[in-house]
Amino acid sequence: MDYEVGYGKPPRHTRFKKGETSANPRGRPRKNLAASLVEGLNKRVVVTENGRRRKIAVREAITSQLINKSATADLRAIKILLDLIKDAEKQAGTATAPEPAPRFTAADEEVVATLIERLRHQISSEMAAAATSQEPSRAAAPPPEPE
């Protein structure tokens with residue numbers, strides 16, 4: 001043997017020869033960013049919840065962390081969570097409609113009617129008290145004329 005054989009130096013008779021078609025003409029397939037992201041988010045990790053260990057997807061762990069941080073009034077987490085909710089609703093094609101204003105029940109209307117009656121009674125008694133406490137000369141005097 002007139003050539004060196006070893007790590008990184010395969011025997012010459014097995015080496016790729018110029019002009020031959022390769023056994024792997026397209027080369028190693030590359031993953032795009034979206035595929036890598038989906039694969040990473042679908043990986044399973046072990047988490048401990050309530051003292052028990054269980055395997056969940058990374059995306060599930062991230063969302064639960066984000067929700068927990070939002071619940072502790074972390075403003076950045078709340079903003080991120082709300083943005084994610086809006087995006088998810090856009091993709092689903094269903095934006096949350098504002099809830100209709102709740103109707104008054106009969107008990108509510110009774111309370112409002114009682115309150116209005118009390119206010120009317122209070123206003124009329126205040127007006128009567130003001131009228132009796134006014135001086136008679138002031139009550140009879142005509143209002144001043146504007147200049």
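Reader: Why is E39 called partly exposed?

Author: Happy to start there. This is a predicted model, and in it E39 has a relative accessibility of 38%. Buried means under 20% and exposed means over 50%, with partly exposed in between, so E39 at 38% counts as partly exposed.

Reader: What makes the contact of E39 and K31 a salt bridge?

Author: The N to O distance between the two side chains is 2.2 Å. A salt bridge needs a Lys or Arg side-chain nitrogen within 4 Å of a carboxyl oxygen of Asp or Glu, so the pair E39 and K31 qualifies at 2.2 Å. As for K31, a relative accessibility of 53% is over the 50% mark, so K31 counts as exposed.

Reader: How many salt bridges does this rule give?

Author: The count comes to 5. Among them is the pair E4 and K9, whose closest N and O atoms are 3.3 Å apart.

Reader: Are E4 and K9 buried, exposed or partly exposed, and how do you know that?

Author: E4 has 56% relative accessibility, which is over 50%, so E4 counts as exposed.

Reader: What makes E60 and R54 a salt bridge?

Author: Their side chains meet at 3.2 Å, N to O, and the cut-off is 4 Å, so the pair passes. Salt bridges with shared partners join E49, R54 and E60 into one network. E60 is partly exposed because its relative accessible area is 38%, and R54 counts as partly exposed because its relative accessibility is 38%.

Reader: How do you know that β1 and β2 are paired, and which way do they run?

Author: Strand β1, residues 44-49, is joined to strand β2, residues 52-57, by 6 bridges, and the two run antiparallel. Pairing asks for at least two bridges, so 6 is enough for β1 and β2 to be called paired. Within this pairing, V46 stands opposite K55 in β2.

Reader: What makes N50 worth a look in the hairpin?

Author: The hairpin of β1 and β2 has 2 residues between the strands, and N50 takes a positive phi there. The angle is near 55°, in a residue other than glycine. Most residues other than glycine have a negative phi. N50 lies in the loop between β1 and β2, and its relative accessible area is 83%, over 50%, so N50 is exposed.

Reader: Where else does a residue other than glycine have a positive phi?

Author: A73 does, with phi near 65°. A73 is in the loop between α2 and α3. At 55% relative accessibility A73 is over 50%, so A73 counts as exposed.

Reader: What does the side chain of T72 reach?

Author: T72, also in the loop between α2 and α3, reaches the backbone oxygen of K69 with its side chain at 2.7 Å. T72 is exposed because its relative accessible area is 59%.

Reader: Why is S70 called buried?

Author: S70 has 13% relative accessibility, and buried means under 20%, so S70 counts as buried. S70 is placed in helix α2. A polar atom of its side chain lies 3.2 Å from the backbone oxygen of A77.

Reader: What caps the N-terminal end of α3?

Author: D74 does: one of its side-chain oxygens is 3.2 Å from the backbone nitrogen of R76. After α3 comes G93, with a positive phi near 80°.

Reader: How do you know that the span of α3 agrees with its 18 residues?

Author: At 1.5 Å a residue, α3 should span 26 Å, and its end C-alpha atoms are 26 Å apart, so the two values agree.

Reader: What makes L115, L119, I123 and M127 a patch?

Author: These residues form a nonpolar patch on the surface, with about 410 Å² of accessible area together. Membership needs over 30% relative accessible area, so L119 passes at 43%. That value also makes L119 partly exposed. L119 is in helix α4, residues 106-133. In an α-helix there are 3.6 residues a turn, so residues three or four places apart point the same way.

Notes
Residues are numbered from 1 along each chain as its sequence is written. This is a predicted model: local features need pLDDT of at least 70, side-chain atom pairs count only at pLDDT 80 or more; totals for chains, interfaces and linings use all residues. Side-chain values use heavy atoms; hydrogens and water are left out. Patches are made of residues with over 30% relative accessible area and no salt bridge: like charges are joined within 9 Å, nonpolar side chains (Val, Leu, Ile, Met, Phe, Trp, Tyr) within 5 Å. Accessible areas come from the Shrake-Rupley method with a 1.4 Å probe; for residues, only the protein chains shown count as cover. Helices (H or I, at least four residues) and strands (E, at least two) are DSSP runs, numbered from the N terminus. Buried means under 20% relative accessible area, exposed over 50%, partly exposed in between (1.4 Å probe, protein chains only). A polar contact is a pair of N or O atoms within 3.5 Å; within protein, one must be able to donate a hydrogen and the other to accept it, and residues adjacent in sequence count only if both atoms are side-chain atoms. The expected span of a helix is 1.5 Å times one less than its number of residues.
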